Amino acid sequence: MKKTIYVIAAILACSCSDFLEKTPANKFSADTFFASETDLRLYANGLINTALPDATDMALGEDRFTDLCGTKASKEFYWGTYSAAKASNWTTSTWSFPRRVAYMIENMPRCKETVPEKTYNHYEGVARFWRAWITMKRMMVFGDCYFIDKVIQPSDTLTLYSKRQDREYIFHRIREDLEFACENCLASGDGIFSDGRVYVNKYVAQAYASRFFLYEGTYRKYHSVNPSTGKTWNGEYESATELLTLAEKYAKDLVDAGVFSLNKDYRSLFVSANLPKDEVIWGRTYSEELGEKHGVTFKYCSATSSLLYSPTKEYVMMFLKTDGTPADGAVSVTTEFTGRDKRLSASILAPGQTMKKSDGSTPEISLNWNWTTSGYEWIKWVQLEDVPMSGDSKSYNSVPIMRYAEVLLNYAEAAAELGHMDTSLWETTVGALRKRAGVTSRYPGTAGYVADTWLRNYYTQDVLHTSTLSDIQLEIRRERATELMLEGQSRYDDLMRWNLGDLIERRYNHQGWRGIYITPEEATNGFLWNGKKYTVSKTKGTSETNYKITGTSNNAWSLSEGTYGYLIYNYKLVWDDMMYTHPIPQAALNVNPNLGQNEGWQWQ
Amino acid sequence: MSLFLFMGTAAFAQKIQVSGTVKDASTGEPVPGAAIMVKAGNGGVISDTDGRYSIQVSSDATIICTCIGFSDIEQPVNGRAIINFSLEIDAQMLEETVVVGYGTLKKSQLVGSVEQISGEALEDRANANVSRTLQGQVPGLSIIQSDGKPTHGGSIYIRGGATSYVMKKNLNSKDLAEYSIGQGGSALVLIDGVEGDISSVNPDDVESISVLKDASSSAIYGSRAAYGVILVTTKKASSEKVTLTYNGSFSINQRTVMWEDHIISDGLEFTRNFYDFYLGKTETPTAAGALPDKMNTYKIPDNYLELFEARRAAGNTDVYDMNGNDYLYFGSVNYFELFYKRRNTTRSHSMSVNGSSGKMSYSLSGRYYTQDGIYKIGNEDYNQYNLRSKVTLKLRDWMSIDNNTYLYRVNYIQPIFSKNSDKVGSQVQQIAVIGLPVLPVTNEDGTYTLGGAASGYAAFNDGNSSQDSTTSTVITTTGINIEPIKDVLKFRGDVSYKFTSRVVERYVAPTPQSLSPGIITYYVSEADSYKKEYRYDTNHLSANLVGTFTPKLGPDHKLNVVAGWNLEDHKYDIETILRHGMLYPGLPSFELFNGSEIEIKQYDSDWSTIGTFARANYTLLGRYILEGSLRYDMNSRFPSNQRGGWFPSASAGWRISEEPWMKGTRGVIDNLKLRGNWGSLGNGGVSPYSFLETMGLAQSSVIFDGGYASVAGMPSIVPDSLTWEKIRTMDIGLDLDILKSRLSFSGDYYVRFTDEMYSTGPELPAILGASTPKGNYGQLTTKGWEATLSWRDSFKVAGKDLTYSIKGSLWDSRTWVTEFYSETNNIFDYYEGKELGELWGFRTDGLFTSNEEAAAWFPDRYHNLLTSTVPYAGDIRFLDLDDNKEITAGAGTLEDHGDLDIIGNIMPRYQYGINFDMKWNGIGLSVFLQGIGHRDWYPSEGTSLFWGGYERAYNFALKCQQTDRAILDKSTENWVVTNASENPYWPRRLYGPAMAGSGVGTMNTYNDYFLQNAAYLRLKNLTVDYTLPSNVSKKLGLEKMRVYLSGENLLTFSPIYEHTDMFDPEVITKGDSDFGSGTSTTMGDGASYPMLKSYTIGINLTF
């Protein structure tokens, strides 16, 4: 009996604490992570996996809603009815990536002793690149926001309920991170510089440094006030000139490294299964074999699953003639593609363009007026093959995210803004791009250069904030549009930093988007395109080959001269300078009133 | 039969006349109506009004006096001529032993809310599992069935523990969300002390089932018992002679709803119906409707209806034709008929051997249960095997050891159909969207049509797409009992080990189809064909040490003390393997697939608890009862500083009927007991590792240098402090037995608080960058009551005793969210004051009778006909409750909910069960009715069986929607409803998105017009049985022989049938939990495995 009691006592007294420790088999305890180079790489890969822009981000980005792209319906942001109550993108998921990056920066010192210094610094550079990248992304939308430099705990109410930080402070922190990344990220090594162009390395850091410094440099130069506050820049950290100098430096560093060059075939950059390695600095690979596909092609070839994104006449007019002189707008769509910058027919459907069918045939593509608001159709990202065109998620073209061409343009623009542009720099940058496009490069001011009055008027007349622009500056602006349009938010960013957001409202006489020019003859008899006849009329319904001209009301087509002329898709938009920042969503303000509202939006 | 009887009575020789009186021992009053019978013989007499009787018996016989409400008395005759009986009031009911936590108590000692039913209540019910049989039998115990599948036993909740339900995310969303608050939880089921699945128990093994409903009864189980405990006790090894029993039954089953009988399968009529709905899409008073060129994806020419009409007029019954290069059909197919049999069968055999020899007693029992499929095509088969062996070995007078080993195996094969890997749709839904009557399943050349392939017919018919699941369980318990002081002090120690393996293999073969002659395409391509295997392994170890102390303290004091220690260790591992590319349909081995990637997943969920507990029950003078219990539990699911918890409970009872001053009422009031108790429990049901900061690896979706890479993510924020939800229950109850225990009443009222409920905390600013960790916030309050009333009596019919009893139980509970963090007070989410299950919607006032009337009404956005939002005649009228001249949902918050109102509640209320039993001369009749007194149901989106063409034009053409509907006269621009005076139920015919399809239409926006009343009353079971007289069965070499006829789910009465005949109100909820996700929009209500009604013939033999 006594024995039994002893046994029972022994069992009861056994160390219960071990027995009650249960850990999951397929997870590891967070405090044991960041012990090795492998851990750094796994975590850094996770950042890429989550944040690497995808085909939709790149090919269906904000550029679709700018002055150069017509749509069936724009975003409510431009309707004049937008408000804090309708705003979004300030939620937990908005801020989860900054937390993830901060988690790495905060915890990676655990392996500082075990990992070689260079490697460690590379990964710190990678983490800080991402911190700069994500903060920049938020700052471009909201202006004053937060630079998240720690893992915020739920109990840290001081930080959680703090006021937003000043844009100039935030950008200063971004600058530090970018400089660190450019300094410390490695340029070569397994898992650093690869065929897939997927890893963050020195070149990616330098390319983005040139973009971000140019962005903020020109922003400070062309905007007199911080749009979040409506107050003039306080200049506590960097001046516009300082930022432009940095933009020029990092672009130059990358050019001087000589690693990248321009790919010969402009169009292949956007529609190839494999990324052209010579030009693409950072990209995302898609693969038919692995089933990683996207739906970009279909979104541009469908009457229903997109907003009928279409290039405008203004965009077409920005493409020079092959002799390097400006083109005229009032020409028929059947003829205007000939003798032009090659990028025009690489970006926009031209007569004679063929597609590839799975049965091996290559028929010419007809225009489909159900797919366009302007008469022009985008083909920049479109795989002209029957399968990707037939349905969603069938495209497999890999996507460049950062190209060497942009670095050249960043270089050119920073230099021009600083007054450093000269013939040789011109030929290295803009000249090289024009050469690839089959256009004679003419440096402004030299013999044969023809100034483009239309372009000058476009950027300077009837705009809210006029500035003196040199022909060099104008030509660079032209070149950015013709080279980079529709790649993410390149055009949108340009409009924002040049203080030209109102071009989105202005478009064609503030009326809508301007499309193809229909000559008086064509208006009566129609025109032929790849053997098919296209007409405009007031009676017949919209079909593949017939436009229904219904008048000047919103969402209707009209002709600029009444019975002929430019095809206008009427659509009213509204711009106000407060739109340089988005409103802080009301829901977020309710949780933390200290956020405060961006200038102008308080009253909306 | 009479020959046997004659032979039976002719055996006796010397007879004498015996007479006497029968009196009530407590009052001395004569007892009329008592039965005096010869033991083991036939016939008997009844005492007269003065309690006298007289009977002729053989001189060496034994006679028995029985009377309802009194204990039986046996007296050997021994040649006496006068034998008087003095009957004691039957205290048997009160002295009945009730199984409670870690022991037993006499019913008189009981102060908690415990209900026990005996295994007999489960007899003769040809159900695959016990939970189906248990439904409705115990007040406060809700067993919610999801469908009729034999593998599904339903969810078991005690006292409204069901806190989750499915409802729309918000008024304008088509998506449904599962609402679940706190950790919730089902009842803890212990089978012979081991945590288990009640569905796995062999019904023939059950000795008793005890339901511990309140916290004071279940507190002794600590952190696992927050939502009540069900104790299943299996039959013990008997100490009598060896008995062998056999039970066999055969059932014919029929679906409770015959879908095929309620849809239009005539192709032409279906097409007219389709056109009607489709044309409504674009029809306005100024424009004609557009003609369809497709029925779902089936292409038809513009003049399809004209062609069909012409063929019919010409008597052309050809099904096959051509539309350009494509096949065109003019069929009249009823897909349900193609898929479903009208009846299927169940067979069950069970045997047991029971006995003892010397120091050993044993019992061995086994059961085989099989049910064939409900499908005409495809292999469906259910096979269940149970085997239990119990042995007790008496080593010493004071010591015994025992072993209880249980084996359970169930194998279920069912045909399946799926297009995308891992997403298996509901069969009914698939038929709804593509089982168009006009489409035959095969072409003339034998290839499958679009309908044949996409409805799943091809997959079923080919038999190469199946789900094969096998669950095997072994439980073995070995215990030692030591009794140092006989009847006073006992110890028991036991160790149990349970292993459960569940393997599910799901494989889908490529499905070819032919849409034009000679061209084969694939509805499911080889690349999409797949096999997925799921393995779930449970290893559970538990150990108990329990001491019971019942000292003999004299007649005035009774004490029962239990103390012990308990350990549970649970390991649960899950593995899944997926591979695509089935090369050899019919040979679904992973090795015969060609997919280049094999996806393997593995995770686990382990937990353990250790607890010590004690309970003391003290009865003073047989009338004052006090009980207290305490448990200290430690649970691995909480951080080490929060791991332990104390769970106390206290109860008191007062048997008023035993008070001396109540003596005068003896014989009328036999028992009157008042009970009250309070208990606190912890709910440790949080997922095992929720307090640990962990990181895992995943495969990238980004391609890194030609392939995928492993990536690590950030750990989520773990709660600062995480501990038990605390559940407090207060219960008061009354037990009353009167009229010699003929009439009994038992009632309880309780309030339960779930404090520190595991829920989302206050919202934090978004820059936190992570979801706010859940923690112990919030409170739920449940209030409920239970009442049971029973009557039993007997009288003579044709000289034979007829005993009968009737018992009715009714119970109800409601739950409110009483504390909760909500920033917005969104009415479609939780907010303080919300009653669980409440449904917000619009109030309505019938249909508009003319366009004029509709146009004059307030605008809303729910009459959403594509771009126009104008209502017309025959559309439903929403009411403007807030008088702001428009119909809106406001901000959807409690403060601003526009015209929304609480229109109903989807939780089942007023559940009840009624049992009637009768026995006469070996013949028995039992009737069991079960039902729900109130339940609202709003058919969710995707409920094709209810919405029919209003959901999709090509959906089922429901017969019930043909007549009772608004018929419009469209001859003028002011359309009018011509039959408005008949008050038609269904609105005008209109294309789905404006009505009940995807989008925001008038029908799928919650409103009181389409709110259905899903209350029901069901004749759950009716059994007639006959037991052969024992002398007859003995002649056949049997101890006992009994035959029975039984019917299950025979009749159902429900107001739901007013507008639909496609549903079984008992299983109205979302589709089959085996497939897809329960909340997926592609799964409609009731689109699941049908409930079955069954007719059973059975036999019980005891040798």
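1. In strand 13 of chain A, Tyr566(A) is the bridge partner of Tyr517(A). Strand 13 (residues 565-570) runs antiparallel to strand 8 of chain A, and 5 bridges join the two. Strands here are DSSP runs of E with at least two residues, helices are runs of H or I with at least four residues, and both are numbered from the N terminus. Two strands count as paired if DSSP finds at least two bridges between them.

2. The model is predicted: local features need pLDDT of at least 70, side-chain atom pairs count only at pLDDT 80 or more, and totals for chains, interfaces and linings use all residues. Residues are numbered from 1 along each chain as its sequence is written, chains are lettered from A and ligands numbered from 1 in the order in which they are written, and side-chain values use heavy atoms, with hydrogens and water left out.

3. Strand 8 (residues 512-518) of chain A is largely enclosed by the rest of the structure, because 7 of its 7 residues are buried. Buried means under 20% relative accessible area, exposed over 50%, and partly exposed in between (1.4 Å probe, protein chains only).

4. Helix 18 (residues 453-460) of chain A has Leu455(A), Tyr458(A), Tyr459(A) and Thr460(A) as its buried residues. These pack against helix 13 (313-318), helix 19 (471-484), helix 20 (490-497) and helix 21 (503-506) of chain A. At the start of helix 18, a side-chain oxygen of Asp452(A) comes to within 3.1 Å of the backbone nitrogen of Trp454(A). After the helix comes Asp462(A), with a positive phi near 60 degrees.

5. Chain A and chain B bury about 4900 Å² between them, 70% of it on carbon and sulfur atoms. Buried area is the accessible area (1.4 Å probe) that two parts lose on being put together, summed over both. Phe19(A), Leu20(A) and Lys22(A) supply 15% of the area that chain A buries against chain B, more than any other three residues. The contact (heavy atoms within 4.5 Å) takes 55 residues from chain A and 55 residues from chain B.

6. The rule finds 2 salt bridges across this interface, a salt bridge being a side-chain nitrogen of Lys or Arg within 4 Å of a carboxyl oxygen of Asp or Glu. One of them joins the side chains of Lys22(A) and Asp569(B) at 2.8 Å, N to O.

7. Phe28(A) stands opposite Met695(B).

Terms used
Polar contact = N/O pair within 3.5 Å; in protein donor to acceptor, adjacent residues only side chain to side chain.
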